[in-house]
Amino acid sequence: MADTDTSVPAPEAADAETPTAQTDAAATAPPDPAAELAREAADLRDRLLRSLAETENLRRRTDRQIDDARVYGIANFARDTVGVADNMRRALDAVTPELRESADTAVKALIEGVELTERELLKVLEKHGVKKLEPLGNKFDPNLHQAMYEVPDPSVPAGTVAQVVQAGYTIGDRVLRPALVAVTKGGPKAAAAPANDNAGEQMSDGRDRISDL
């Protein structure tokens, strides 16, 4: 009687890859060149956009600084120059109408020359962005004026500038020097204006300063 082979054949090795072997194969597989290039392109694009934004912000800041330097760079010089205009105005205010009428031709020519020089000085200042404030008869504005004292005058609304003690000036959008003024009190209430808590403080500070003079 022939012998019967009862052994079980072993599984073929080629068809029996384990999950671990598959994972190792995937890990050792070379990266996809297209995906790698896409990631690099996205990274470079992000860097480029950031650099462009930073450059634009820098350009705007530089332009703003140049504009400010052009307008406000002469602030100290202008502040000293308006002192010269103050002295001219004081000299002209010292000439009374009677003195002007009784003055001889030479003195009248001198007075007219000082007036002409004052006008020319103010014109040159305005050419460079420095403008003289004209607050007389206007409502007191603590952003532009500094109250020195109050003047009783019931004929005009309270808080009206009744007298200019010293002229004020602006340069560009800023106050170069506030105008020193006298403000009315006792009259009818002025039209409603935006609330400003500094108004009372400035008037009080003005009265303290005038008392020290």
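Author: Helices (H or I, at least four residues) and strands (E, at least two) are DSSP runs, numbered from the N terminus. L48, for instance, is found in helix α2, residues 33–72.

Reader: What kind of model is this, and how are residues numbered?

Author: The model is predicted: local features need pLDDT of at least 70, side-chain atom pairs count only at pLDDT 80 or more, and totals for chains, interfaces and linings use all residues. Residues are numbered from 1 along each chain as its sequence is written, and side-chain values use heavy atoms, leaving out hydrogens and water.

Reader: Is T81 buried or exposed?

Author: Buried means under 20% relative accessible area, exposed over 50%, and partly exposed in between (1.4 Å probe, protein chains only). T81 counts as buried because its relative accessibility is 13%. T81 lies in helix α3, residues 75–93.

Reader: Which residues does T81 touch?

Author: Contact means heavy atoms within 4.5 Å. Not counting residues up to four places away in sequence, T81 touches L121 and L125.

Reader: How many residues has the largest nonpolar core?

Author: A nonpolar core is a set of buried Ala, Val, Leu, Ile, Met, Phe, Trp, Tyr and Cys residues joined through side-chain atoms within 4.5 Å. The largest here has 13 residues, and those with the most contacts inside it include V82, L121, L125 and L176. Helix α3, α5 (105–127) and β4 (169–171) each supply at least two residues of this core, and α3 gives the most, with 5 residues.

Reader: What does L176 contact?

Author: Leaving aside neighbours within four places in sequence, L176 is in contact with A75, A78, R79, V82, V130, Y169, T170 and I171. A second, separate core of 7 residues includes F140, A147, V161 and A179.
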